[in-house]
Amino acid sequence: MTVEFITSALVTLFVIVEPIALVPIFLAVTPGFSASQRRQVAWRACLIAFLILAACAFFGDWLLRMLGISLPAFRIAGGLLVFWIAFEMVFGLRASRKSETAREAIDKEHIVNVAAFPMAIPLLAGPGAITATLLLAGQAAGSTVMMAALIGVLAVVILVSWACLNMAETVNAMLGTLGNAVVSRLLGIILAALAVQFVLDGVRAALRG
């Protein structure tokens, strides 16, 4: 039972988080950052995401019920946030705004902010990953071994994500300026569609409830 649970959890979370697909998005939301600054964002984002998902595994369902927040509402809010990011990416607003700031002006506070949003939330620990973690935690309820296995699975997924994000500079060099601009806009459209899907799923679930 534990082996089946671990396999199911690994596949589910890898498919939802999609570590490799995050690399170009990571580049798109960190224009003007140096290699060391991107590495700082990567490890901070992964640490924050792991803590959030681990907390959701233990306390997520209880916290949402205490606050009176439903999972559909959480999905809708996450979708709206992702859509705003996508809007900036498609129209180049994020890149143009960052280009006005010299690299020296990208301070520690700004790095922390980007790591927390949008990288940790909602890209790494988004509505899908949080919902999946809550459901898996529900399956593991009452079993210390299965809950420990779930935390281990979360750690593996986040470590793989961190490794992928650390390859971002190599990808950046391969794409070049024009390639980054094209990829940023294409991914912006994909993110916009994903955001709309989050909202639709949330509305559909709310109507069913």
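The largest nonpolar core here has 47 residues, and Val41 and Met119 have the most contacts inside it. A nonpolar core is a set of buried Ala, Val, Leu, Ile, Met, Phe, Trp, Tyr and Cys residues joined through side-chain atoms within 4.5 Å. Helix H1 (2-17), helix H2 (22-28), helix H3 (35-67), helix H6 (108-124), helix H7 (127-140) and helix H8 (144-165) each supply at least two residues of this core. Please keep in mind that this is a predicted model: local features need pLDDT of at least 70, side-chain atom pairs count only at pLDDT 80 or more, and totals for chains, interfaces and linings use all residues. Residues are numbered from 1 along each chain as its sequence is written, and side-chain values use heavy atoms, with hydrogens and water left out.

**Overall make-up**

- The protein has nine helices and zero strands, where helices (H or I, at least four residues) and strands (E, at least two) are DSSP runs numbered from the N terminus.
- Of the 209 residues in the protein, 42% are buried; buried means under 20% relative accessible area, exposed over 50%, and partly exposed in between, with a 1.4 Å probe and protein chains only.
- Among contacts with a separation of 6 or more, 89% join residues 24 or more positions apart; contact means heavy atoms within 4.5 Å.

**Confidence**

- The mean pLDDT of the protein is 80, and 83% of its residues reach 70 or more; pLDDT is the predictor's confidence in each residue, from 0 to 100.
- Among the elements, helix H8 has the highest mean pLDDT (94), while helix H5 (residues 93-99) has the lowest (50).
- Over residues 97-106 the pLDDT is below 50, and this stretch has nine contacts in the model beyond near neighbours in sequence.

**Around the core**

- Methionine 119 is in contact with Phe26, Val29, Val41, Ala45, Val114, Leu124 and Leu165, leaving aside its neighbours within four places in sequence.
- As general background, nonpolar side chains tend to be buried together in soluble globular proteins.
- Serine 161 is found in helix H8 and is buried, with a relative accessible area of 0%.
- Not counting residues up to four places away in sequence, serine 161 touches Val17, Pro19, Cys46 and Leu124.

**Helix H6**

- The C-alpha atoms of asparagine 113 and arginine 44 are 9.8 Å apart in space, with the two residues 69 apart in sequence.

- Glycine 79 sits in helix H4 (residues 71-90) and is buried, at a relative accessible area of 0%.
- The contacts of glycine 79, not counting residues up to four places away in sequence, are Ala195, Phe198 and Val199.
- From C-alpha to C-alpha, glycine 79 is 5.2 Å from valine 199 in space, although 120 residues separate them in sequence.
- Leucine 200 is found in helix H9 (residues 168-208) and counts as partly exposed, at 42% relative accessibility.
- Leucine 200 and isoleucine 76 are 124 residues apart in sequence and 7.6 Å apart in space, C-alpha to C-alpha.

**Cysteines and aromatic rings**

- A search of the whole structure finds zero disulfides, a disulfide being a pair of cysteine sulfur atoms within 2.5 Å.
- The sulfur of cysteine 46 is too far from its closest cysteine sulfur for a bond, because that sulfur, in cysteine 164, lies 9.2 Å away.
- Cysteine 46 is buried at a relative accessible area of 3%, and cysteine 56 also counts as buried, at 13% relative accessibility.
- The count of aromatic pairs comes to one. Rings of Phe, Tyr and Trp (its six-membered ring) pair if their centres lie within 6.5 Å; planes under 30 degrees apart count as stacked, over 60 as edge-to-face and the rest as tilted.
- Phenylalanine 58 and phenylalanine 59 form this tilted pair, at 6.1 Å centre to centre with 45° between the planes.
- Phenylalanine 59 counts as exposed, at 52% relative accessibility.
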